[in-house]
Amino acid sequence: MTEQPPPAPLLSVEDLTVDFGAPHVAVKAVRGVSFAVNVGEIVGIVGESGSGKSVTCRAVLGLLPWMARVGGRVSFDGRDLLQLSEAEMRRVRGRHISMIFQNPSSHLDPLMTIGRHVAEPLRMHFGYGAARARDAAIQMLRDVRIRDPELRVDSHPHELSGGMKQRAMIASAIACEPRLLLADEPTTALDVTVQARILELLKDLNRQRGLSIVLISHDLGVIAEICDRVVVMRNGVVVEQGPTREIINVPSHAYTRLLIDSQPSRLSQQHGKTARPAAVATTSEPLLAVDDLSVEFASARGLLGLLRGSEKASVKAVDAVSFDVRRGESFGIVGESGSGKSTIARAITRLIDPSGGRITFRGASVHDLKGETLSAYRRAVQMVFQSPYDALNPRMTVEETIAEPMIRHRLADRSGARKRTAALMAMVELPAELAGRRPRQLSGGQCQRVSIARALALSPEVLIADEITSALDVTIQAQILSLLRRLRETQGLTTLYISHDLAVVRMFCDRVAVFRSGQLVEIGAVEEVLARPRHDYTRRLIASAPRLEAATASEEGARDMDTGSAWKGSHG
Amino acid sequence: MSDEPAAFASMSRKVPFEIALGAAILAAWVILAIGAPVFAGADPNAIDLLAILQPPSLNHPFGTDHLGRDVFARVVFGARIDVWMGVAGVLPPLVIGVTVGLFSGYFGGLLDTVMMRLVDITVAFPFFILVIAIVGMLGPGLGNYFIALALVAWVSYARLIRAEVVVLKNAEYIQAARALGYHPLYIVLRHVLPNAISPIVVYAMSDAVLVILAGASLGFLGLGAQPPTAEWGVMIADGQPYVIDAWWICFFPGLAAVTLGLGFLLVSDGLAHALKVTS
């Protein structure tokens, strides 16, 4: 890439600054960011929340709210985009530079067909007639590999899956053959197998059409998968940039190193298998047994249905599932959205009632528990929930939240609960001065620590963790996971760890059960399942997980790419 | 998800101007109502046939009515009834509605179906017509007005809070509270209610305006407070025949009703903004 005089970059961002708010109290979201994107290149911008990566991207397209002040230069194809008028900018957007967003469901108009979404930019920029635009849209949908494009063109967004919607959004974005695509976390809301296919599509578009891409992601694995170069951002500043392989193999900045070391796959390498009480897990008796469990959700019939006596329609969320959790082990449940993994957790904690089968705890059926025995079960089996903010009552302070279970279960009086709350906060590494804060005044990671402390307040034997790190930044995730690992060892907890992320499960669990569409697909020791998956789906799941190592492998392919000649126009 | 606290949540500590102004107006009316004998300076029901239909003067700041009664004194004493109306006309339906909506939303099932059909039936009739019909049946008077309100107005509160609760009960912290083994009653009162109540508070304030104006209208129709009670609606009704020559008889009670309503509305509006940030 360094031979001959370097060609002028397609996009060059120089010393970009973005401030929000009045001058004296301005929040500096982006401070002096510079990077360039060459023709035919995929550049990744990686950073955690608050790093300014999305703001940078929006500044390029002039899509920031009016109170933002933008400084610096953004040259695209020789023009400074920041100097363009709004009318001129509109001719750039969608025509020369377009953008796709994180959540395809909320970025597609629910009242518009997929075809119109794709056709709209063609009609706006090229003045296509309705029939011609429709034909072009069908062709675009075929190009992004949507099956039966002739039928799908008339579908509304709700009729498509998340992955299909993202494909449709990509089709709409590249309809006018733009030269640059800004992709802001395009796969974050998608399942990992779908993510792999979308990334593959982006890469193909890049190769076949010479489409330059800026891929924004919090996930270094995703970036490593397809990007030629990486820009690492933190707190509005570029801390490091360079070829992907170099950045990942020999990061020079401490933050980049932290980011790489926080990847779950790296964590398991660091920690090794030292702490695994594997022998205990295989020999001890089952503590919690799930036997032929089914959960159905009935859709509401309404008054008319009730009068007509129509059949209740129901969805099987969990279908005849059986497994044991043994004392002291860490049991992983892995699956994509809709696999029923959270439903199982909720059935175990008796938040929902199963439609069939049974769950036994120490030999006693969980569903027959009442009164005091139910309370005792609640104390023994505790759960930590997914979203850091939603799992805490917004009106209660940290101290009230953690002390409440002890007081309600009469395990302590007020002063005793207060003392134990302080001890619990220390245990989950929360600074004591946060005791009086409410959830809104805490960070996501701190909220999750409060949730863990609250669950531990009842000294449970089993802790169920339902995707507790999926909403957190990767460096925070690493902290929470190591906290959980430590608690497991010191408190002798049996854990049920639910996740969509195989790497996290590999690091944390002894045994794993893989779920798909409410059914148990495969179960076994983590190493066994991940190294020698027997089921096809497990194999696909493992293959789909983005890996840092991909950067090394994809280097060859990236070099072969002929950037200029791949550019072709099929219409327009 | 950032690992820095959401800084904007706790930024606006000071009381917004709207609430402060609204509260000041309400406080002024409450003080006037309580201290009516002191502030009025005259007996509101003292008839002085030698001084009828006098325009505002130093002696009678708001003038006198067709029986020579001091309008200012009557407005001040009227505040006792109208301010009380804003409280007594709002609180019973609020308590009934919130209780019904809270439990029916949280527990669902048959209770919910029955209660919500009852709500539907009540809502099917125009609010005013229903209130007037009930007062007509029970007989005129403020007490019966409050009973009619309690019977009719609770449905709005029930619907409003039920909608909140139905969403809220799936929140993870409510699930967490269940998983922690708290009693359902405790969960409803300690975790659901405080987080569902803010739209109710806001609505109650604007409902107070409605209740006061409706009460005044009822007074005007002769169904509310009975003469010679000094009540703003009754006063406006009484002054109606003289409105061309003696505008002050209707104007000042009307102005009083407007300012009291404005006070409630300002507080309601301000609360709507303030509560949105924290909840």
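What share of the contacts in chain A with a separation of 6 or more is accounted for by residues 24 or more positions apart? The answer is 71%. The points below concern a predicted model and take its two chains in turn.

1. Chain A in outline. The secondary structure of chain A consists of 24 helices and 20 strands. The chain has 572 residues, and 54% of them are buried. Its exposed surface comes to about 24600 Å², of which 50% is supplied by carbon and sulfur atoms.

2. A sheet in chain A. Four strands of chain A make an open sheet with antiparallel pairing, and their order is β2-β1-β4-β5. Strands β2 (27–37) and β5 (79–80) of chain A are the edge strands, each pairing on one side only. Within the sheet, strand β1 (residues 11–20) of chain A pairs with strand β4 (residues 68–76) of chain A in the antiparallel sense, over eight bridges. As a detail for the reader to locate, A:T17 has A:G71 in β4(A) as its bridge partner.

3. A helix across that sheet. Helix α1 (residues 53–61) of chain A lies across β1, β2 and β4 of chain A. The direction of this helix is at about 110° to β1(A).

4. Aromatic pairs. A pair of aromatic rings is described by the distance of the centres and the angle of the planes. Over all chains, the structure holds 19 aromatic pairs. One of them is formed by B:W84 and B:F146; the pair is edge-to-face, with 6.3 Å centre to centre and 90° between the planes. This pair links distant parts of the chain: B:W84 belongs to helix α3 (residues 71–88) of chain B and B:F146 to helix α7 (residues 142–168) of chain B, 62 residues apart. Are the two residues buried or exposed? B:W84 is exposed because its relative accessible area is 51%, whereas B:F146, at 13%, is buried.

5. B:Y157 has 0% relative accessibility and so counts as buried. B:Y203, at 27%, counts as partly exposed.

6. One aromatic cluster is formed by B:F62, B:F72, B:W247, B:W248, B:F251 and B:F252. Among the residues that B:V75 touches are B:F62 and B:F252. B:V75 is found in helix α3 of chain B, and it counts as buried because its relative accessible area is 4%. Leaving aside residues up to four places away in sequence, its other contacts include B:W29, B:W232, B:M235 and B:A256. B:P253 is also touched by B:V75; the C-alpha atoms of B:V75 and B:P253 are separated by 5.8 Å, although the residues are 178 apart along the chain.

7. Charges over rings. Where does the charged end of A:R132 sit? It sits over the ring of A:Y128, 4.0 Å from the ring's centre. A further case involves both chains: A:R408 lies over the face of B:Y186, at 3.5 Å from the ring centre.

How values were computed: Residues numbered from 1 in each chain as written. Chains lettered and ligands numbered in written order. Predicted model: local features only at pLDDT ≥ 70, side-chain atom pairs only at ≥ 80, totals over all residues. Heavy atoms only, no water. Phe/Tyr/Trp six-rings, centres within 6.5 Å; stacked < 30°, edge-to-face > 60°. Helix = DSSP H or I, 4+ residues; strand = E, 2+ residues; numbered from the N terminus. Buried < 20%, exposed > 50% of the residue type's maximum accessible area, 1.4 Å probe, protein only. Lys NZ or Arg CZ within 6 Å of the ring centre and 35° of its normal. Contact = heavy atoms within 4.5 Å. Areas by Shrake-Rupley, 256 points an atom, 1.4 Å probe, with all protein chains shown as cover. Pairing = 2+ DSSP bridges. Axes fitted to C-alpha atoms, helices over the stretch in contact; angles between N-to-C directions.
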